[in-house]
Number of protein chains: 4
Amino acid sequence: MINVGIIGTGAIGTNHLRWLSTRVSGARVAVLFDVDAKRAAALAEGSGTTLGASAKDVIENPAVDAVLIASPGDTHAELTLACIRASKPVLCEKPLAPTSDECRKVLEAEVAHGSRLTQVGFMRRYDAGYRTVKQAIDAGSIGEVLVVHCVHRNVSSVPSYTSDMSFTDSAIHEIDTARWLVADEIVATTVIGVRRSSLAPSHLRDPQLVLLEFRSGVVVEVEIFVNCQYGYDVRCEVVGSTGVASLDNPTTGALTRSGARSEPVPADWQVRFGDAYLVELQDWINGLEKGAVRGPSAWDGYAATAVAESCVASLRSGLKTTVSLIERPALYA
Amino acid sequence: MINVGIIGTGAIGTNHLRWLSTRVSGARVAVLFDVDAKRAAALAEGSGTTLGASAKDVIENPAVDAVLIASPGDTHAELTLACIRASKPVLCEKPLAPTSDECRKVLEAEVAHGSRLTQVGFMRRYDAGYRTVKQAIDAGSIGEVLVVHCVHRNVSSVPSYTSDMSFTDSAIHEIDTARWLVADEIVATTVIGVRRSSLAPSHLRDPQLVLLEFRSGVVVEVEIFVNCQYGYDVRCEVVGSTGVASLDNPTTGALTRSGARSEPVPADWQVRFGDAYLVELQDWINGLEKGAVRGPSAWDGYAATAVAESCVASLRSGLKTTVSLIERPALYA
Amino acid sequence: MINVGIIGTGAIGTNHLRWLSTRVSGARVAVLFDVDAKRAAALAEGSGTTLGASAKDVIENPAVDAVLIASPGDTHAELTLACIRASKPVLCEKPLAPTSDECRKVLEAEVAHGSRLTQVGFMRRYDAGYRTVKQAIDAGSIGEVLVVHCVHRNVSSVPSYTSDMSFTDSAIHEIDTARWLVADEIVATTVIGVRRSSLAPSHLRDPQLVLLEFRSGVVVEVEIFVNCQYGYDVRCEVVGSTGVASLDNPTTGALTRSGARSEPVPADWQVRFGDAYLVELQDWINGLEKGAVRGPSAWDGYAATAVAESCVASLRSGLKTTVSLIERPALYA
Amino acid sequence: MINVGIIGTGAIGTNHLRWLSTRVSGARVAVLFDVDAKRAAALAEGSGTTLGASAKDVIENPAVDAVLIASPGDTHAELTLACIRASKPVLCEKPLAPTSDECRKVLEAEVAHGSRLTQVGFMRRYDAGYRTVKQAIDAGSIGEVLVVHCVHRNVSSVPSYTSDMSFTDSAIHEIDTARWLVADEIVATTVIGVRRSSLAPSHLRDPQLVLLEFRSGVVVEVEIFVNCQYGYDVRCEVVGSTGVASLDNPTTGALTRSGARSEPVPADWQVRFGDAYLVELQDWINGLEKGAVRGPSAWDGYAATAVAESCVASLRSGLKTTVSLIERPALYA
């Protein structure tokens, strides 16, 4: 039984808490902390979970075997570093850090520690649809990958959402899955200006396109549109030299009424990726039971943040922007 | 150039008139007749088509090379017989006649004439989707045919529509396509009572199921539902020993809005089978230009009517009812 | 933490063991028994699960909170009765018993006990696709249910599979889901003879059709075809007075190669319903943690077996066969 | 009856000849010319069509009411100009001319003539799928158009196919349909380098991406891949502020075998757009019968060529390239 300490109980932390408490085998949530103490207390009540006094307290609590970080992104690096110092396995929600510099510090600490402790919460790698696409690529079913087309759409954005966040918060998922599917690193990004939706907040460039260029020449084209109104729509089409593997919205059937046969588009990320989060958590726990840390690594977190930074630079300059990664430490080979 | 005489200008006759006048190569509508003289005159106006004084007049008019019968079903046999007497090719809308006795008279007349003149308007055989299914079967792609599932649904029925007409007017299309796809004759039918839709007229059994049994043991199961509210929905699934060929509603894309990705269901038969009627007419004309009469024959018309009669008998008795066909004349081998 | 004892470790028992050990929150497998002691020992090895000396031993073991019966069907009733005598919650794989008489004994014992202990393993009720269909019906999205079309196909049958088992083993799932979706009882069944596949074993009638008639007049038509060669294909189409809800094979995308865009058909029940089994088990455990037994009841098990018996009688006689259920005890209201 | 003269009998000219001779109402092919006199003679034989001595001869032949130009692209402008001089309606296959300068001469001549004579053969505007997308946009069903994603794939390229032709021959169709769907002009293009398929000829950049920017800011992203191996795959997704309209490959059903449910991808343009060519020709003839020239105009031909030129310049420079159009003459308002 792995005793998990959770830091942060926003939407995603609460989701993790629920899954770990009611759906994941071999785990229990031992300690919980949120800066909003009331919320944490309400969530802990009657669950056998104790409240931590601080994030540090959760990490250092001897009853905690592993830590799940779901606090705001700007706390991620510091907290992950604390976990590494405490030699505790940590599942850190994406991004590993808002800047690649901070991510690098995590890499350095983990390399110094000598083995992996960190998994980054890129849950899409655990989605059944993405796994099917990955298997098709790896089995050679579509030949060599040449181009990938992605869309990432949300119903609407919260007021605090900025044009930068299209890359740092949204497209960072496509950045990670593209790196994983293509099994290569991104060397340049180009953000493309597009006609603004009149339904997007006036401060926001929405939708946006971005081109991700890999060392091999593969180009991944991503549309991010966070005010599409109609649903949470994440799809991709991987074009190979002999065929195409595509990820569509999962469907189980249709409803035919009033002149149309329709299949639902997921309402939000919880509907679409709820199962992926569950599989991610179970795999994390199953690994820990064997003493293994696997899944997206701190390197993956670093590379994704570096690419997102490049996107933001391209958004500012309007130009193609290169991505410079440090040499990949042997730990992440 | 084939000069066509049209008898009957209801919905289907008007459709044929329009296709022959504006879309079919090698044909013109020379003469037109309808018992509603005003309607016929309005349709003929400014088109270069003359008005016939009667159906007989159309058939016997020396300027008419071929006759298209689209008048009410109870006139079909008599008019087709008149065409055979006049040695003129005739495309008779389904049914060839409301009773198999009348159909037999047409068969006898055509056999006496010594060559085919009659084509029956089972247009589904010209539909791209049905042709694809037929090709899959004939290519052996699904092995031997074992079972077929069909649905035939309409938005709503006209007041004059009766429970019998579910078979004589609607399912007669499935009867014909099943005979064509399976390439065998139906030997028994069983109508199955089903919960009545509260939205169907109170005099109507709707929906209904019917089982069509072939000599080979193949069973075709058909649902007829003429008040389904949502669209004109004709589909089938042919189950073979190694695979399945299915006919769905034709689609060319989708509209994604308000939480759903939807594909339209056709509104009515003109939307769904408009192209099939066009291909049917063009094939009829192209055949006539070479002196050939092909397509669904008077035998097909007879067999379909005989099976529909059996369905009506089964509806009355509640029992499985056999279908007894006369021996197939060599002309239709 | 619920300590589960498992009886029977064939394909399904092994699947349950794996899920309970590695995917279900709040449960552990405490004791295991199989008549094949070696197999049980191999499965238990290194897992912390002890071996029971007999099924009875598992049931009576004080360390066992709840029992999962996955032994052959003819042992189900006796073992379930033993669980009831021991006042232990039991998840009994379908069928509850091969005969309705035996099922009735379970009902009587449970009624005498005064509260529900038994859940029957009709896992389809936990499948995401079926739940979506159920919700559409219950939300009134398709009006009143009138007709249901189902197919249930397997790649091939094992040598011991008989024509009766098409109903008692295969269609019993459709019988249960139909009862659940329609929320009514079946009053008659009619098995329909169909052309035999030449690829089916010679002793087998395969495929077969069966019509299930409900009190309300709803008819559920089921095709069972256990040697379809191409995949494990379970679908249904629920036809209501205003629309249609359909269950298709779940898809997450497609592979486009060599002239075709294709979506996989599941290879077998584990691929298709693996998640449903997982959700079923988790729901069983979550219920037990609250002291509740929910899900398909002994009544559902009894009714399904009674209907399957009727199908077998209809298969023998070739006639429509009525289903006579005892009055539903208040416990199952 | 419109008497058509055809110039050029390659694949497309032969297709037009066949359609006009056997499927189009109100037209006949009066005269035929090809530089390969034998081919022309073989096609004309037994059809009642006479052979022209030259392209000029066809155009000036008083028995010819309208001219269809299907000769190589570099002859299009000169022949179209000859038609305008002869005051004869002309359907010129795309491109109107390989250079925008030549196109401009056609515009000038037609403007001087004072009314439209020219239709350019952008047949996709007559495709049922594209028309459905256009209607959705024009009906406001997806709000304002913001981004469009297109793919245009062919099985393989002929040896003479060059990287430029990806734009001048292939993407020119997307250029025209995008202008038509978006109802605006393209002001800039950017060609994006992509990993080359190892199955493409070594002289060819394939696949390629191109971004088409409209005055309104709409961006149309097009993938051209002429050696995709698996089929002729033309699709697009129009993203609006409230929804998405998508064009997929037309389907009429599926074949389920060997573990997969598959829908065919068209083998080539004749399979995919055969009907569009037929509707195009019929609409051309129906217009001429009323004295009207409609459909894609010389302006559309000019604009498409100017954009394709810009793409070629961008391919050479690797930079975004602007498109400068002359002012649109009132004739094309």
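Quick housekeeping before the structure. This is a predicted model, so local features need pLDDT of at least 70 and side-chain atom pairs count only at pLDDT 80 or more, while totals for chains, interfaces and linings use all residues. Residues are numbered from 1 along each chain as its sequence is written, and chains are lettered from A, with ligands numbered from 1, in the order in which they are written.

Okay, chains A and C. Each side puts in 27 residues: 27 from chain C and 27 from chain A. Contact here is two residues whose C-beta atoms, placed from the backbone, lie within 7 Å. On the chain C side, the elements giving two or more residues are helix H6 (128-138), strand S12 (243-257) and helix H8 (269-289). Those labels are DSSP runs numbered from the N terminus: helices are H or I with at least four residues, strands are E with at least two. S12(C) gives the largest share of that side, 14 residues. By class, the chain C side has ten nonpolar, 14 polar and three charged residues. For the classes, Ala, Val, Leu, Ile, Met, Phe, Trp, Tyr, Cys and Pro are nonpolar, Asp, Glu, Lys and Arg are charged, and the others, Gly among them, are polar.

So what joins S12 of chain A to S12(C)? Eleven bridges, with the strands running antiparallel. Pairing takes at least two DSSP bridges between two strands. A:Gly243, for instance, sits opposite C:Arg257.

S2 (27-33) pairs with S3(C) over two bridges, in the parallel sense, and C:Leu32 stands opposite C:Leu51.

In chain B, H4 (76-85) and H5 (100-113) pack at about 5 degrees, axes 9 Å apart. Axes are lines fitted to C-alpha atoms, for helices over the stretch in contact, and angles run from 0 to 180 degrees between N-to-C directions. That makes H4(B) roughly parallel to H5(B); under 35 degrees is roughly parallel, over 145 roughly antiparallel, 65 to 115 roughly perpendicular, and the rest oblique. Their contact residues divide into six nonpolar, two polar and three charged.

Over in chain A, the axes of H7 (165-182) and H9 (298-317) come within 9 Å and cross at roughly 125 degrees, which makes H7(A) oblique to H9(A). Residues meeting there include A:Phe167 in H7(A) and A:Val307 in H9(A). The tally for that contact is ten nonpolar, one polar and three charged.
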